[in-house]
Amino acid sequence: MIWNPEAECMPPEQRRRLQLAHLKNLVERVYEKVPFYRKKFQQAGITPKDIRSLEDIQKIPFTTKDELRETYPYGLLAVPEAEIEEVHMSSGTTGTPVVDAYTKKDIDVWSESMARTLAMAGTTRNDIIQNAYGYGLFTGGLGVHYGAKLIGANIIPMSSGNTSKQILVMRDFKTTILTCTPSYSLFLAEAAKEEGIDIRSLSLKAGCFGAEPWSENMRKEIEEKLGLQAYDIYGLTEITGPGVSSECEMKNGLHINEDFFYPEVIDPETGKVLPDGAKGELVFTTLVKEGTPLLRYRTRDITFLFHDECPCGRTTVKMHRLFGRTDDMLIIRGVNVFPSQIEQILMAVEGTDPHYLIVVERGASHLDELEIMVEVEAKFFTDETRGLETIRSKIEHEIKSKLGISARIKLVEPKTIERSIGKAKRVIDKRKI
Amino acid sequence: MIIKQISIFLENVAGRLAEVTKLLAKHEINIRAMTIADTADFGILRIVVDQPEKALKALRDGGFTAKTTEVLAVEVEDKPGGLARVMEIFQQTHVNIEYLYVSLEKNKDKAVVIFKVEDLKLGQKIVEEHGLGGTVSF
């Protein structure tokens with residue numbers, strides 16, 4: 001079903017006029033209220049008056065994740081602090097979080113975006129949504145929650161983990177819509193099987209899966225093992241969280257809520273805007289955001305945009321499911337991890353520049369497994385196993401507390417890890433996704 | 001007496017120990033005592049050799065993580081109750097033992113046991129006081 005036919009099926013020309021009006025307003029707002037943007041405009045030699053058409057957006061400089069980090073916590077705020085009603089954040093490359101601060105209206109827009117997303121998967125007020133995305137600073141949990149509230153569906157705020165209870169609730173409360181990471185859905189299916197429950201025979205009809213990369217093959221597996229329709233959803237904390245784009249029943253690309261989030265795809269090297277169908281880096285401008293608006297934010301996600309006459313009736317632009325990233329960010333069980341963060345922890349624990357290799361696998365459990373091979377340096381080697389075990393558990397503990405993920409540390413002999421000329425190869429991703 | 005032990009980090013991979021013994025053989029180094037402490041993923045080989053400096057250099061040049069530790073070589077009578085006597089002395093004098101293993105050395109009817117103790121100086125003092133520290137050839 002279509003949650004908001006007026007917005008989602010609007011004639012494209014009419015939508016472009018709406019987008020331009022929003023863009024002009026946005027540019028004036030940030031120029032006046034955010035010194036960071038005013039300075040950028042001045043450096044680029046432009047003022048808000050130079051933005052007269054949607055194409056003029058190309059005159060505006062990009063915003064990068066590094067800049068979000070540099071302006072932490074409130075450097076991009078475009079409203080008085082008292083207007084902020086909620087704050088979310090995700091980790092940045094160096095551990096300084098990236099902040100998204102929401103006004104009441106921003107929460108309304110987020111709720112609307114997520115209501116559209118959930119409706120695309122067939123959700124109505126009669127549905128029972130089991131939300132197994134984490135509640136907290138991570139946007140997944142509350143994003144789904146707000147969308148479900150707007151629709152008026154029954155939302156069960158399970159949050160992530162607690163697998164046995166998930167299965168119990170799914171069975172006893174007759175969950176119809178499951179929201180979680182795609183890998184966790186397969187983990188749930190396996191766990192249910194072990195408990196002697198055929199998950200296919202329960203009431204599930206659809207799932208909204210996101211927050212980590214997955215593939216068509218994985219979709220087939222999920223649909224087969226859980227007996228539901230699996231939909232890809234996309235979002236990122238910086239822009240709003242989930243709700244930026246999602247698949248309709250055609251499962252052919254993700255409809256972007258472009259009346260709120262204006263997309264462009266650029267050549268990551270030159271910054272030049274690419275035409276429909278050309279793969280590049282996805283860039284978003286938050287047209288109506290009040291709290292922390294972003295102009296031409298580089299997501300580092302790789303995809304292409306396309307316009308088709310979708311049989312669902314929506315006229316919004318679509319993006320292909322993600323192809324990868326322009327940087328070395330890993331998404332482990334929905335958590336963003338940069339190899340540089342792991343390197344910093346290793347350096348802090350060992351007091352030395354470590355040789356290490358990150359191996360990511362999706363094993364029999366269907367969950368991402370992270371192993372970090374660390375070469376044993378003479379500096380921290382001792383004649384007792386206790387000493388090395390202490391270092392190992394210290395690294396594991398630090399990674400868990402700083403990055404929020406579990407990693408297995410494997411101590412290896414020197415020169416085990418291949419030396420490469422130039423940039424070291426730090427990651428082997430064995431996940432078949 | 002205080003002697004030098006060499007510890008070598010080994011992954012639990014087939015053939016690693018053979019690499020070490022081959023390397024030592026090539027440099028004509030004689031192993032006088034050895035033991036391995038192991039965990040699921042790795043082991044630490046501890047050896048006492050006739051030429052510790054040469055052995056350490058050869059191992060490091062060969063790409064191993066190795067280091068020397070000072071340990072006690074203690075003479076123990078090679079008969080029932082021999083080790084028990086030494087252990088009793090250590091217990092009474094509060095010499096805490098971290099690990100121990102036997103060597104191939106033998107002085108007349110006495111065996112030589114390698115002790116890693118918490119407080120090396122105290123250990124050495126007690127060994128000397130009780131005449132357990134005779135000379136060993138390595």
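About 1,200 Å² is buried between domain 1 of chain A and domain 2 of chain A, and carbon and sulfur atoms give 53% of that area. Buried area here is the accessible area (1.4 Å probe) that two parts lose on being put together, summed over both. This is a predicted model: local features need pLDDT of at least 70, side-chain atom pairs count only at pLDDT 80 or more, and totals for chains, interfaces and linings use all residues. Residues are numbered from 1 along each chain as its sequence is written, and side-chain values use heavy atoms, with hydrogens and water left out.

Select the two domains. In chain A, domain 1 spans 86-327 and domain 2 spans 332-429; the bounds come from an automatic or database domain assignment. Their C-alpha centres lie 30 Å apart. Show the contact residues (heavy atoms within 4.5 Å). Domain 1 of chain A supplies 19 and domain 2 of chain A supplies twelve.

Now pick A:Arg362 and A:Glu212. They form a salt bridge, with the closest N and O atoms 3.7 Å apart. The criterion is a side-chain nitrogen of Lys or Arg within 4 Å of a carboxyl oxygen of Asp or Glu. The count between the two domains is one salt bridge.

Next, colour the helices (DSSP runs of H or I, at least four residues, numbered from the N terminus). On the domain 1 side that touches domain 2, helix H8 (182-194) and helix H9 (216-226) of chain A each give two or more residues. H8(A) gives the largest share, five residues.

Terms used
Chains lettered and ligands numbered in written order.
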